[in-house]
Amino acid sequence: MKHRAVIPLLAALWAACALAPAAAQVIPGMNRGQQRAPQPAQRPNTRAPGDTSRPAATGRPAQSDSVIDALLKLQGYVPIFYNADSADYRSLDRALRLRGNSRVEREGDVITARDSIVYRDLQDLVAAYGNPQGTPTEGEPIAGDVFFYDLNARRANVFGARTKITENATWYVAGDVTSERNERIYANNSTFTSDDRPNPAYYFKADRIMIIRNRILVGRPAYLYFRNVPVMALPFIVQDLEHGRRSGFLIPQFEINDIIRTRGGTGNSRGTGREISNIGYYWAISPFLGLQVAGRWRSQSYMAARGNLEFNFRRRFLSGQIEGERFWETDGPGRLNLNGGANWSLNERTKLALALGFASSTAFERNRVVDPFRQTADLSSNFSLTREFDFGSLSLSAERRQSVGNDDRTFSPRFGLNLNPITLVPNVVFTTSFSGSSTQQSFGNALLRRQPSSSTGDFSGSGRIAIGNFGVDGSAAYSHSGRGSLAAIQRSQVDSTLFSGDTTRLAAIAGNGADHLRFSVNTGYQLTLFASTRLTPTIGFSRELLRRDTTGAVPDSLRGAYGEYVAGPPRLNLGVALGTDLYGFFPGFGNYETIRHHIQPVVSYTYSPTVTLRDTGDIRVQRQVFGPFSARAVNQIQIGLNQTFEAKLRTPKPVRGDSARDTAAAAGNRAAPSQSQKITLLALNTSAIGYSFVGSNRFNERFLTPELSTTVRTDLLGGFQFQMSHSLFDQRIVVSDSGRSELKRGRFQPFLTSFSTQFTLGQNSALFRWLGFARGSEEQRVSERGQTPDARGEQTQTPLGNANATANNQQAGGGPWSLGLTYSLTRQRRSPADSVPGTFNRGNSQLGGRLTFQPTKNWAVSWQTQYSTTTGQFAAHTINLKRDLYRWQANFDYNLAPNGNTSFAFSVHLIDLPDLKADYHESNLGVDRPATSTLPAP
């Protein structure tokens with residue numbers, strides 16, 4: 001149990017006790033030199049004993065006269081109104097006694113008593129008997145058995161006090177309280193609970209409590225009772241009651257692991273593991289700065305120190321935080337993690353953002369966490385600066401990504417400049433933009449670590465002049481690939497001995513850098529034929545320059561092609577594109593009013609005439625660099641087709657009544673929507689298919705689509721969709737005239753290379769609604785206590801109660817069930833050149849699912865898993881069980897990560913106060929295991 005959890009409950013006593021002095025002072029005010037107006041008799045109070053509801057209307061005079069009005073207008077006096085069945089004043093001992101249903105009001109504060117209210121002037125003492133109740137101007141009433149107030153000591157005593165406090169929840173408080181000068185409050189034998197039933201199932205009890213107002217609360221001891229059985233005790237409690245940000249010590253957190261001892265990888269018992277965290281101090285440096293320093297210790301694993309600096313300068317529009325954590329492994333080196341971010345608006349036009357994510361050892365990070373998403377995530381650090389000018393906008397950014405899964409690292413700076421459109425003359429608009437980026441990548445995988453790191457760079461600029469529907473576009477682009485990278489050069493630009501296949505794929509030239517320049521100018525005109533049918537003819541001119549690195553082994557025949565730019569043949573490009581939207585309407589069925597079939601065919605044609613190359617001078621170098629097929633004619637056509645079947649739901653018929661008033665009353669707030677709801681019955685998207693009327697390479701291949709992708713989606717099965725890709729042709733080995741073996745496209749033989757699908761089912765799914773099996777919506781159902789508003793059981797980042805990091809956000813209490821399934825398959829066609837077993841990845845298939853349901857009224861279950869059908873093993877598990885205990889909730893959580901880390905947690909927490917919990921957490925991490933079983937560090 002965390003100590004701070006009990007504090008808000010005990011602090012409720014302070015709020016209740018604060019009412020006692022105000023109620024006790026109403027009587028003395030009448031005889032301390034203040035005038036009071038005579039009061040008429042009032043009807044007796046008939047409320048039941050112990051009733052803490054607000055009293056009836058004030059007992060002020062029904063009729064006023066000039067004397068009463070004059071008294072009420074006197075400055076410096078406080079009028080006090082009182083009434084009772086009878087009043088008795090004895091001058092001998094100067095005591096005033098109000099008998100029978102007494103009531104006194106002062107400045108809006110009211111005190112009532114069924115028996116009597118007595119004021120003794122000689123003892124400066126006020127007493128109220130017979131279920132007295134005090135009602136302040138603001139706040140909840142407080143009732144008790146007896147009220148006493150000492151005017152000299154300014155001490156109030158309330159015996160058997162009863163009240164309720166609403167602070168995030170409604171708390172019912174009872175006990176004996178004493179208040180001194182409204183600054184110190186003492187409570188004895190106090191109880192409090194949030195259970196509103198006549199016989200609460202649980203309550204808290206504290207023997208002695210002292211509260212110094214707005215400073216500190218100290219109590220000892222505190223007990224938790226279920227019925228009349230004590231189940232938990234704290235020796236003492238201490239809480240700072242000061243408001244606002246302030247310095248102070250953090251509340252430590254404890255974790256015990258391996259209660260059931262297990263065997264390690266070496267066969268030796270690992271013993272009982274323990275973890276202590278959040279040991280530290282928070283320093284409120286200023287209203288804008290805060291520094292937190294904390295440490296943690298995990299037995300047999302590591303020690304760590306963490307620092308967190310928070311800042312928020314609102315006048316400077318600067319906010320953020322930076323956190324660093326240093327780990328010292330028991331039998332290993334130190335590790336460092338950095339996280340944080342900041343946002344700064346320098347002015348109205350300049351904004352700066354920074355995010356930080358870094359881990360010095362990704363292997364250590366994988367081993368110390370249980371979350372499977374964290375183990376496969378990327379740590380990202382980025383910087384961005386945007387600046388708005390009168391003529392346009394400039395953006396600068398840089399990103400560093402680090403994969404926790406394999407330690408691959410990528411650094412990518414970028415910039416962009418967009419100029420505002422310039423209207424040269426009416427209907428003539430000029431736009432331009434520039435962009436650039438660079439990427440440097442290093443491999444962390446052990447198999448690729450021997451590969452040199454890659455680096456690429458790109459710079460491009462484009463401009464457009466639009467004259468109505470006619471436009472002229474121009475662009476220039478430069479790309480650089482460093483040594484050791486995979487040079488992204490089109491196959492038509494590379495020596496034909498390096499590849500075989502279509503001209504649209506990219507070839508890899510390992511070990512050589514390249515600089516590539518591309519220029520193009522295009523004109524186009526969009527012509528609307530009819531309806532939504534559009535015809536767009538284009539004409540353009542393009543040319544390329546290429547320079548390769550001279551380092552490395554270069555054949556003598558290509559020696560002259562390296563080290564300098566070589567211009568490619570100029571190309572004239574002609575093209576036309578035709579697109580349209582076709583609709584077909586069909587009669588509906590069931591709950592569907594109309595079915596619409598939407599077809600989007602797109603046809604594009606590209607033609608570039610043949611360029612004549614001569615085998616003399618620089619032309620021969622041009623042939624060697626770009627290949628002999630770079631001069632061939634381009635005569636290609638591409639066809640794409642997307643289609644969708646949509647259904648419109650029937651509009652509910654209006655409620656008919658005998659009159660317009662009856663109709664409006666029956667309809668209530670069910671206003672008809674402006675448009676009928678539509679759902680997607682079936683959507684089919686297929687990648688475009690290309691065909692060349694002339695040979696695209698030296699094998700004279702014409703079909704330009706080696707792979708075909710298809711996506712199918714429907715709303716009937718909870719967003720069901722699947723994606724699949726097929727390799728359309730196999731490969732075979734051919735021997736060239738030079739005796740070199742090469743791969744050539746073979747016969748048409750579709751082969752599934754990837755497949756993925758996902759869908760979600762539930763009792764409120766569209767399919768079940770159409771069949772008539774669905775339950776009513778959440779708005780139509782009667783609200784039930786403990787039922788989650790989100791009936792779908794979707795995962796949330798912060799579960800109710802913050803008991804544990806659980807994926808089960810359902811409340812026990814009969815909510816609907818939900819089932820989500822995912823499946824993915826990736827594989828590769830076996831190559832004829834694959835003579836070494838295991839050279840290629842034969843494929844991997846994985847099945848995932850998430851099931852949430854409530855087997856009984858008080859139980860909720862969530863199970864999420866990943867299963868590899870290739871290896872026949874489970875990769876990850878997340879099992880969550882919840883038990884509703886009325887105002888309490890029990891959680892059982894189990895997690896299994898892909899790297900073998902496991903975590904089990906049990907927690908019982910109070911729903912009205914989630915920090916109050918008794919929990920057990922056991923986690924077996926990779927850093928806990930012997931060195932022989934840990935993953936190798938990169």
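**Aromatic pairs in a predicted model**

Reader: Why is Phe-288 called partly exposed?

Author: Its relative accessibility is 43%, and the class runs between buried, under 20% relative accessible area, and exposed, over 50% (1.4 Å probe, protein chains only); therefore Phe-288 counts as partly exposed. This is a predicted model, where local features need pLDDT of at least 70, side-chain atom pairs count only at pLDDT 80 or more, and totals for chains, interfaces and linings use all residues. Residues are numbered from 1 along each chain as its sequence is written, and side-chain values use heavy atoms, leaving out hydrogens and water.

Reader: What makes Phe-313 partly exposed?

Author: Phe-313 has a relative accessible area of 25%, so it falls in that class.

Reader: How do you know that Tyr-202 and Trp-888 are buried?

Author: Tyr-202 has 1% relative accessibility, so it counts as buried. Trp-888, at 6%, is buried as well.

Reader: How many aromatic pairs are found in the whole structure?

Author: The search finds 25. Rings of Phe, Tyr and Trp (its six-membered ring) pair if their centres lie within 6.5 Å; planes under 30 degrees apart count as stacked, over 60 as edge-to-face and the rest as tilted.

Reader: Why is the pair of Tyr-202 and Trp-888 called edge-to-face?

Author: The ring centres are 5.4 Å apart and the planes stand at 85°, so the pair is edge-to-face.

Reader: What makes the pair of Phe-288 and Phe-313 stacked?

Author: The centres are 5.5 Å apart, with 25° between the planes, and planes under 30 degrees apart count as stacked.
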